[in-house]
Each structure stands twice: as C-alpha cells, then as structure tokens.
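This report describes how one protein model is held together. It takes up charged pairs, nonpolar cores and a helix contact in turn.

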Amino acid sequence: MIRGTAIALLAACSMLSACATQIPKAQLSAFKAAKPHSILVVPAVNRSLFVAAPNYLLSSLTIPLADKGYYVFPVNTVKMVLEQEGLYEPEKMAELAPDRLAAMFGADCILYVQINRWDTQYWVLGAAVTVDMDYRIVDKSGQEIWKASKRMSYTPQNNVSAGGVLGTLIASAVSAAMTRAAPDYMPLVNQANAQVFYLGPTALPPGPYAQATSATR
C-alpha cells in the first residue's frame, strides 16, 4: 500500500521540477557488499533558513527505508538518546565517529542528510516552494556506501476555465496568497525521498525484510 502511494506520487510530477545525482548502478556495489539490515537515521544538518526543517524531514524518512526492507530505528527515540548523551546539534552528531554512533544502537549503517534549501520565493502573482537535500549512508567503519542529492521545486498552477486574463490574475493572486500563508513542504519532501530511495540510479536494493514487508500488505 505504501509503495503504491509512493509510485502514485511520483507519477504526479507535472508541476514539479527536480534533479538528482546520476550515479552508475555499479557504485551500489559497496552498499550490497555491506549487506545492512538496519539503518540509523540521525537528525539532519540544516543549512536552510527554516529552523523546523530537520524535524519535518526526520519524520518523513522512516517509511521509504522500511518499505525497502530495512529496519529503521525509531527516529524520535534516537533523537532522545542522542540528546541524553549530550548530542543536541546535528553537526556534532556528524562529527562523532560512525563506529561509536552505530554501537550506541547496534546499527549496521547510518543515514546522514544535509538540508541545503527549504524555502519559498515569492513574486507579485506567484510563489515557488523548493527543497534541496544531500543524502549519504556510511557503514560502521565510516565508509560511504551510498549517496544521492535531490532538489525539487513546486510552483502552484492555476486551472482557470473561464474569466480570461482578469480571472487568471485573480486566481494567481489567491494561490500566491495561500502559499504565502502556509507553504506545504511535505509533498515535495516525500517525493524527494521516494525518488532517491525507490527510483533511478540511486534506488536502494531491496533489504533483508523486503519480502516480509510485502507479505504484510
């Protein structure tokens, strides 16, 4: 069910622009050789101006990884444990030796994400919502075994069947005002995650629990 939802989202990209790193399939050999069963997701390093971006992103990463067949440690529990260890800043977590970080949870590998952009740009009759993330997975030794980058933008399009130029301008103004009032980044973030984990040259191979996950649906 979750996989079907993700693919459906990916098919509805007519109003989205996106770009991703194009890495050869051969570069997944390190990931396959590592044969990870579990993935530790740590809070993202935030280079954007939106302070809450890491919390939103963290909540969106578990499902696609679990759907691929990997055990993902509960992200809120991980965050709490790390804070109890005095690791409040994602930058400090990124500096911690991967073997020590993995040992704290018994994880096979670690997913690090850096948020480069999470913003909305406005103009008189429109707005564009953009997210940009770098993803990397390292094993317990610190060796990078997978990476991807994704940038996605969304510009609200107005479906005006009547009203001519004036109707189009009014609809554009209303759409821009709504986006300005409450820009919704999560559809973009969910699609970015789905595309890097599910599709194209960056798609993760099925994990050890993939068959069990599919059987429960």
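## Salt bridges

E144 and R136 are joined by a salt bridge, with their closest N and O atoms 3.1 Å apart; the term stands for a side-chain nitrogen of Lys or Arg within 4 Å of a carboxyl oxygen of Asp or Glu. E144 counts as partly exposed because its relative accessible area is 35%, and R136 is partly exposed at 34%. Here buried means under 20% relative accessible area, exposed means over 50%, and partly exposed lies in between (1.4 Å probe, protein chains only).

The whole structure holds four salt bridges. Another of them joins the side chains of R117 and D119 at 2.8 Å, N to O. R117 is partly exposed at 22% relative accessibility, as is D119 at 24%. The side chains of E91 and R47 also meet in a salt bridge, at 3.9 Å, N to O. This pair links distant parts of the chain, 44 residues apart: E91 is in helix 5 (residues 90-95), while R47 is in the loop between strand 3 (45-46) and helix 3. Helices (H or I, at least four residues) and strands (E, at least two) are DSSP runs, numbered from the N terminus.

## Basis of the model

The model is predicted: local features need pLDDT of at least 70, side-chain atom pairs count only at pLDDT 80 or more, and totals for chains, interfaces and linings use all residues. Residues are numbered from 1 along each chain as its sequence is written, and side-chain values use heavy atoms, leaving out hydrogens and water.

## Nonpolar cores

A nonpolar core is a set of buried Ala, Val, Leu, Ile, Met, Phe, Trp, Tyr and Cys residues joined through side-chain atoms within 4.5 Å. The largest has 35 residues, of which V41, L57, L111, Y135, W146 and F197 touch the most other members. Among the elements that give two or more residues to this core are strand 5 (109-123) and helix 8 (186-198). Helix 8 gives the most, with six residues.

Apart from this core lies another, of 15 residues, including L40, V78, A107 and I110.

## Helix 4 against helix 6

Helix 4 (residues 75-84) and helix 6 (residues 98-105) pack at about 115°, their axes 11 Å apart. Axes are lines fitted to C-alpha atoms, for helices over the stretch in contact, and angles run from 0 to 180 degrees between N-to-C directions.

V78, V81 and L82 in helix 4 meet L101, M104 and F105 in helix 6, contact being heavy atoms within 4.5 Å.
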